[in-house]
Amino acid sequence: MPLRLPVTVALAEAATELPAGPGWAYEPKFDGHRVCVICDADGAVHLQAGRSQRDVTAYFPDLAAAAESLPDGTVLDGEAVIYRAGVIDFTAVQQRALSKPARARHLASELTATYAAFDVLEAHGRDMRGKPYQERRRLLTALLEPLAPSLLQPVPMTEDVEEARVWMDALRAQGIEGIVAKRVRERYPAGRRSWVKVRHATAMDAVAVGFTGPASRPARLVVDVGGGRLLLSAPLGVAISRVLAQALEVVGGRGGVAWIRDGRQYRGLSKVLPVEVEMGTTRHPTVTVRRLRPDLG
């Protein structure tokens with residue numbers, strides 16, 4: 001039977017060390033926008049943002065065109081990435097995902113996206129999620145390798161943890177975020193944190209609930225770091241501020257005025273926005289926003 005849409009994607013649990021031993025496979029974690037590529041039974045192509053399940057077909061017209069070469073009844077899971085001077089540019093791909101469609105088409109002509117595919121969920125109209133990872137991996141390469149050269153490429157994979165550790169260091173300069181470990185005999189864990197993700201930097205997931213400064217150029221974020229504990233972030237970098245301004249128009253929205261515990265005022269968001277932050281270790285807690293993750297919302 002075909003896969004029921006929209007797709008519920010698998011999730012990963014953060015860890016500080018890669019699991020080792022028999023039965024594990026390792027893939028580089030590409031620093032991009034989680035996207036499911038869907039080529040339905042009639043050959044129509046749709047792109048779905050992974051966690052939010054938002055339709056992002058219009059924002060990645062280059063990938064949608066490339067996906068027309070896939071067999072009907074194919075669903076892939078992976079990351080849309082953009083390279084700039086040989087290095088993955090996360091901000092560029094997020095700007096594409098948050099642009100108006102006309103602007104996204106213009107950006108696609110300047111900086112073409114590529115698709116780092118790491119799983120196949122449907123093939124030839126059949127749901128593959130119940131198959132073990134090892135079998136799905138073989139099917140993924142069988143689907144994509146005949147299309148080369150293509151914007152759609154399978155991510156590298158190894159079952160050697162030492163090789164994965166080498167990748168962790170060697171690929172960092174190219175913008176690889178870390179390594180994801182998967183059990184070779186496990187079925188696709190839709191909606192569950194069964195995969196293991198090890199990142200280079202010490203980071204944590206949080207949600208932004210508000211901002212300071214004008215909506216056209218936000219200055220700081222008010223971040224819930226867990227349990228309703230709100231902290232005001234360090235000043236936002238120019239690139240993050242620009243992406244946040246786009247997100248306020250597309251996925252966030254402005255709410256009413258509110259105050260954090262110390263009495264400082266901020267503008268609330270009508271919808272929380274997932275972010276990735278680093279927590280400072282000084283006596284007074286500090287939060288540095290590394291990136292916005294509207295694709296996780």
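A disulfide is a pair of cysteine sulfur atoms within 2.5 Å. The structure, a predicted model, holds zero disulfides, and it holds two aromatic pairs. This is a predicted model in which local features need pLDDT of at least 70 and side-chain atom pairs count only at pLDDT 80 or more, while totals for chains, interfaces and linings use all residues. Residues are numbered from 1 along each chain as its sequence is written, and side-chain values use heavy atoms, with hydrogens and water left out.

**Cysteines**

- The sulfur of C36 has its closest cysteine sulfur in C39, 14 Å away, which is too far for a bond.
- For C39, the closest cysteine sulfur is that of C36, again at 14 Å and too far for a bond.
- C36 is buried, with a relative accessible area of 0%; buried means under 20% relative accessible area, exposed over 50%, and partly exposed in between (1.4 Å probe, protein chains only).
- C39 also counts as buried, at 1% relative accessibility.

**Aromatic rings**

- Rings of Phe, Tyr and Trp (its six-membered ring) pair if their centres lie within 6.5 Å; planes under 30 degrees apart count as stacked, over 60 as edge-to-face and the rest as tilted.
- The structure holds two such aromatic pairs.
- In the pair of F118 and W195, the ring centres are 5.9 Å apart and the planes stand at 85°, so the pair is edge-to-face.
- F118 belongs to strand 7 (residues 113–123) and W195 to strand 11 (residues 193–199), so this pair ties together parts that are 77 residues apart in sequence; helices (H or I, at least four residues) and strands (E, at least two) are DSSP runs, numbered from the N terminus.
- In the pair of Y188 and W195, the centres are 5.8 Å apart and the planes stand at 80°, so this pair is edge-to-face.
- Y188 is buried at 3% relative accessibility, and W195 is buried with a relative accessible area of 5%.
- F118, Y188 and W195 are linked by ring pairs into a cluster.

**Charges over rings**

- A charge sits over a ring if NZ of Lys or CZ of Arg is within 6 Å of the ring centre and within 35 degrees of the ring normal.
- The charged end of K182 sits over the ring of W195, at 3.8 Å from the ring centre.
- R54 lies over the face of Y59, 4.8 Å from the centre of that ring.

**Helix 5**

- Helix 5 (residues 161–170) has the buried residues V161, A164, W167 and M168.
- Seen down the helix axis, the buried residues of helix 5 fall within an arc of 105°, so they line one face of the helix; the arc is that of the directions from the helix axis to the C-beta atoms.
- An α-helix has 3.6 residues a turn, so residues three or four places apart point the same way.
- V166, D169 and A170 are exposed, on the face of helix 5 turned away from its buried side.
- Strand 2 (24–30), strand 10 (176–183) and strand 11 are included in what covers the buried residues of helix 5.

**Alanine 67**

- A67 is placed in helix 1 (residues 61–67) and is buried, with a relative accessible area of 0%.
- Leaving aside residues up to four places away in sequence, A67 touches V37, C39, V45 and L152; contact means heavy atoms within 4.5 Å.
- A67 and S150 are 83 residues apart in sequence, and their C-alpha atoms are 9.2 Å apart in space.
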